[in-house]
Amino acid sequence: MSSVVVAGSFNVDHVWRCDALPAPGATIAGRYSTGPGGKGFNQAVAAQRAGAQTSFVCALGSDAGGDLARQLASTDGIALVAEASDEPTGTAGIYVDGRGRNSIVIGAGANASLSTDFVAANAALISGAKVLLAQLESPVETIEAALAQAREAGVLTMLNAAPANAPSTISLLKLADVLTPNETEFAALLGRHVGERIEADDVATLDGASLHALCRKLSGNTVVVTLGAVGVFVSHDEDKLRSDSQPYYRVAAESVQVVDTTGAGDAFNGALAASLAQAPEASFIKHVRFANQYAARSTESEGAALSMPKMTPADV
């Protein structure tokens, strides 16, 4: 059985690197490359390379993109569990500027075909995991079914509520033992489910007590808000500290030479899931520190899935 099961998306990434992100109506020169991505696959690669035996539940088309997913999963030792789709394998158009910032457009394709029936057919796989990790580039009802299956089996559930504009429900959020939005996703979730309006750029500037209070409004479980170059904020329910000594705290960002931030959040999530699966008795802050270091290292190389380093908790 797998230590980590990731349920989510695979995309073929089409990447243009340019000095500045293109403005509306502008035509600019750039350098093109292509490779694997999708939040689900990125996180599965990160979890596997961070030391956890990982299975990836997804939907793929019968095309070159699907063949690429199968080949790369096999190379990394990931157990690929793919639902066949008549749609083309998912794609993403990514623009990366000279400072490593990115803008992304997703074409869901086969990712939109991942079904609740397929999740039910793989209930034994999910129930045998230590951690189930999911995102929202797949149908929300399918992700909710996967989280519910894991919760019923006593598996630790993680939800990366990304992208920010993806649909979500309070019932979905309640199924996540660990919820991991970035600041943009956090602000969107607050506005949608709590009625709290806050600008994404202001999230990192809030004092700890205020940010903790907002996290508690959003979820009764652990919330981990990734804040990019500012670091990470962790908020626990005060009755469930996950072996930490305090209900909320910040972990500063690592100092690295950033080349490309594409996939950094996925690196964090995959590494956090892998660390939790390998040492569930350790304090939560130890897992967060490892994931923070892992995500920082991922930004030192170009690309998404292929930029994930081979680095386990035992290495730090």
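**A loop residue and two helix pairs**

Modeller: Start with Glu196, which sits in the loop between α7 and α8 (200–203). Keep in mind that this is a predicted model.

Biologist: What is Glu196 in contact with, leaving aside neighbours within four places in sequence?
Modeller: Leu190, Gly191, Leu214 and Lys217. With Lys217 there is also a polar contact between the two side chains, at 2.5 Å.

Biologist: And how far is Glu196 from Ala162 in space?
Modeller: From C-alpha to C-alpha, 19 Å, and 34 residues separate them in sequence.

Biologist: Let's move to helix packing. What describes two packed helices?
Modeller: The angle between their axes and the distance between those axes.

Biologist: Then what are the values for α7 and α9?
Modeller: Helix α7 (residues 183–194) and helix α9 (residues 208–218) have axes 10 Å apart, at an angle of about 55°. That angle makes α7 oblique to α9.

Biologist: Is the crossing of α7 and α9 left-handed or right-handed?
Modeller: The α7 and α9 crossing is left-handed.

Biologist: Which residues meet there, in α7 and in α9?
Modeller: From α7, Phe186, Leu189, Leu190, His193 and Val194; from α9, Leu211, Leu214, Cys215, Lys217 and Leu218. By class, the contact of α7 with α9 has 8 nonpolar residues, 1 polar and 1 charged.

Biologist: Now the other pair. How do α1 and α10 cross?
Modeller: The axes of helix α1 (residues 39–49) and helix α10 (residues 264–278) cross at roughly 45° and come within 7 Å. So α1 is oblique to α10. The crossing of α1 and α10 is right-handed.

Biologist: Which residues of α1 and α10 meet?
Modeller: Lys39, Asn42, Gln43, Ala46 and Ala47 of α1 meet Asp266, Ala267, Asn269, Gly270, Ala271 and Ala274 of α10. The contact of α1 with α10 divides into 5 nonpolar, 4 polar and 2 charged residues.

Biologist: One more residue: where does Gln48 lie?
Modeller: In helix α1. Gln48 is buried, because its relative accessible area is 15% and buried means under 20%.

Biologist: What does the side chain of Gln48 reach?
Modeller: The backbone nitrogen of Thr54, at 2.9 Å. Not counting residues up to four places away in sequence, Gln48 touches Gln53, Thr54, Asp76, Gly77 and Ile78.

Notes:
Residues numbered from 1 in each chain as written. Predicted model: local features only at pLDDT ≥ 70, side-chain atom pairs only at ≥ 80, totals over all residues. Heavy atoms only, no water. Axes fitted to C-alpha atoms, helices over the stretch in contact; angles between N-to-C directions. Helix = DSSP H or I, 4+ residues; strand = E, 2+ residues; numbered from the N terminus. Parallel < 35°, antiparallel > 145°, perpendicular 65-115°, else oblique. Left-handed = near helix turned anticlockwise from the far one by under 90°. Contact = heavy atoms within 4.5 Å. Nonpolar A, V, L, I, M, F, W, Y, C, P; charged D, E, K, R; others polar. Buried < 20%, exposed > 50% of the residue type's maximum accessible area, 1.4 Å probe, protein only. Polar contact = N/O pair within 3.5 Å; in protein donor to acceptor, adjacent residues only side chain to side chain.
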